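Open the model in your viewer and keep the selection panel at hand. Each stop below says what to select and what is there.

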Amino acid sequence: MLRPAIAASLVLAPAALGAGDFTLPQTVQSTAPAAYDAFGSDVAVHAGTLLFVGVRGADVQALNAGAVEIFSRSTAGWSFLQRPTATGLAAGDQLGESVSGNATWLVAGASRHDASGADAGAAWVFRKGAADWAFAQKLTPAAGSAGARFGSAVSVSNLALVAGSPAAANGGAVHPYRLVSNAWTAQAVIANPSPAVGDRFGEAVSVSDAYLAVGAPFDDARAVDAGAVHIYVRTPTAWILQTTLLPDSSSAGQHFGQSVSLSGTRLAVGVYGADTGAYESGRVDIYDLVSNVWVRTGSIVPEFPVAGGNFGWDVSLDGSALAVGAPGAGDVAFSGRTELFARQGDGTWLPLATGALLAGQAQDVFGSAVSTASGQLVVAAPAAHAGDGYRGRLGAADLSADCDANSIPDIFDLANGGVDCDDNGVLDACEADSDGDGSIDACDGCPADPLKTSPGTCGCGVADTDTDSDGTPDCTDGCPSDPLKTSPGACGCGVAAPDSDADG
């Protein structure tokens, strides 16, 4: 069996805002967890409502044949939907090594499939039907070759599907498909533009309906294993190379392009081998399409650079939100971290939080797979917690709420001391305060009295004034101006009522 899997609860320490840890609201687990499943081998969130999870070590159809599980999200969080059956799957295929999906299609790679030769690879496509997801077709390269590892990376949009073969001849290849009559039809193979053995062109792919980004993290154009990313434009019949991006520095071993994520005309590139503050602490470069030219507009480094942290091993970009996995970082060796960023109006990227596993252990590699979409974040640790049998779990968080519009998700504001007097997960600053006294209605005993937050002795709308300072408020003091009396007695207020001879 495989040796990967896990995640308990995700703890985030808001990096940009100061101290304060918190546990993510939900832990997502396999519906049928088993030791060495590697649940979370890859993850993909679509539209904040669908979650696709690779389980490459699953034994349900055969030993290490792998599987994919599908979850849906409601107000209660993520719940299991289905584990679809993959027709033609065999032992050792490791389906779920890579996953990508949308509302209609799910594609999962199995680069160890042997139909076209040992480890030639394949990908399985599932389609959403009226009731559930069903197997649609199995994809294999027309000229498959042993060891090509087709399906190591996959990506699907509404109109396009691609699968990477990073170990194919000449340094790798990418296989594109287009949708014809509800079936995916192969197009011309995209060869490595600068053929060289070991480039691993196709190690990472990200496709939209208009653009395709392909990572070649061992490309040597700038320096040995410095890496490269090639961007293509879709035409009705083929993908045309638009440009090749190279790292700015000429340092060897950066592995620029280990991960790529397209969001509209913005691209995030993981550079996990960059020495930014420490050896191989990692970096992420951001590109935007400006006047039809891809321009580097940002370079993001880890908040807590550590040697071998590998920040950028996986990236997920959703408009102005960015999640970055750093599986080599953490409080103990390779326990892993994930960092979150938000793009500001001036183009800078604000660090929001740094996440780690609660009670993380060495070799957890938390953050080796990350995905964020529509305010939902999912992070995997596919080699964590030996005591749990490496079953695998995911940490999930809802980042969509930002009631005070400060570009910081409310859960991070709350973690940094934001007031939530009724513990309902909503900042007090965003709740009703009818009388404007600074205490929200839910926690204000007198929500219509700006002078009081509790009825006190006299009730709402009546001041608890003690004019004579005798410890009894005026509302219950029979002599509110007489500090010696609280009732008129026989003599009245302001007149003592002594009984010198004590005869009553």
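**Stop 1: Arg149**

Select Arg149. Is Arg149 buried or exposed? Its relative accessible area is 19%, and the cut-off for buried is under 20%, so Arg149 counts as buried. Keep in mind that this is a predicted model. Arg149 sits in a loop, with β11 (133-139) on one side and β12 (153-156) on the other.

Now show the side chain of Ser111. It makes a polar contact of 2.8 Å with the side chain of Arg149. Next, display what else Arg149 touches. Leaving out residues up to four places away in sequence, the list includes Glu97, Arg112, Asp119 and Ala120. It also includes Gly164, Ser165, Pro166 and Ala167.

**Stop 2: strand β13**

Select residues 160-165, strand β13. How many of its residues are buried? The count is 6 of 6. Colour the two faces separately. Ala160, Val162 and Gly164 lie on one side, and Leu161, Ala163 and Ser165 on the other. Both faces are covered.

A hairpin of 3 linking residues takes the chain from β12 to β13. The two strands run antiparallel and share 4 bridges. Pick Val156 and Leu161 to see one of the bridge pairs.

**Stop 3: aromatic pairs**

Show the aromatic rings. Across the whole structure there are 10 aromatic pairs. Zoom in on Phe52 and Trp133. Their ring centres are 5.6 Å apart and their planes meet at 85 degrees. Why is this pair called edge-to-face? An angle over 60 degrees counts as edge-to-face, and 85 degrees therefore qualifies. The pair links distant parts of the chain: Phe52 belongs to β5 (residues 50-55) and Trp133 to β11, 81 residues apart. Both Phe52 and Trp133 are buried.

Move to Phe126 and Phe135. This pair is edge-to-face too, at 6.4 Å centre to centre and 75 degrees between the planes. Check the accessibility of each partner. Phe126 is buried, at 1% relative accessibility. Phe135 is partly exposed, at 28%.

One more selection here: Phe39, Phe71 and Phe80, which form one aromatic cluster.

**Stop 4: an open sheet**

Select β21 to β24. These 4 strands form an open sheet in the order β21-β22-β23-β24, with antiparallel pairing. Which strands stand at the edges? They are β21 (256-263) and β24 (293-300). Each has a single partner strand, so one side of each has no neighbour in the sheet.

Focus on β22 (residues 266-271) and β23 (residues 283-290). They run antiparallel and are joined by 6 bridges. Arg266 stands opposite Asp288 in β23.

**Stop 5: confidence**

Finally, colour by pLDDT. The chain averages 90, and 94% of the residues score at least 70. Now select residues 1-23, where pLDDT is below 50. This stretch still has 114 contacts in the model beyond near neighbours in sequence. Treat them with care: where pLDDT is low, predicted coordinates should not be read in detail.

Technical notes. Residues numbered from 1 in each chain as written. Predicted model: local features only at pLDDT ≥ 70, side-chain atom pairs only at ≥ 80, totals over all residues. Heavy atoms only, no water. pLDDT = per-residue confidence, 0-100. Contact = heavy atoms within 4.5 Å. Buried < 20%, exposed > 50% of the residue type's maximum accessible area, 1.4 Å probe, protein only. Polar contact = N/O pair within 3.5 Å; in protein donor to acceptor, adjacent residues only side chain to side chain. Pairing = 2+ DSSP bridges. Phe/Tyr/Trp six-rings, centres within 6.5 Å; stacked < 30°, edge-to-face > 60°.
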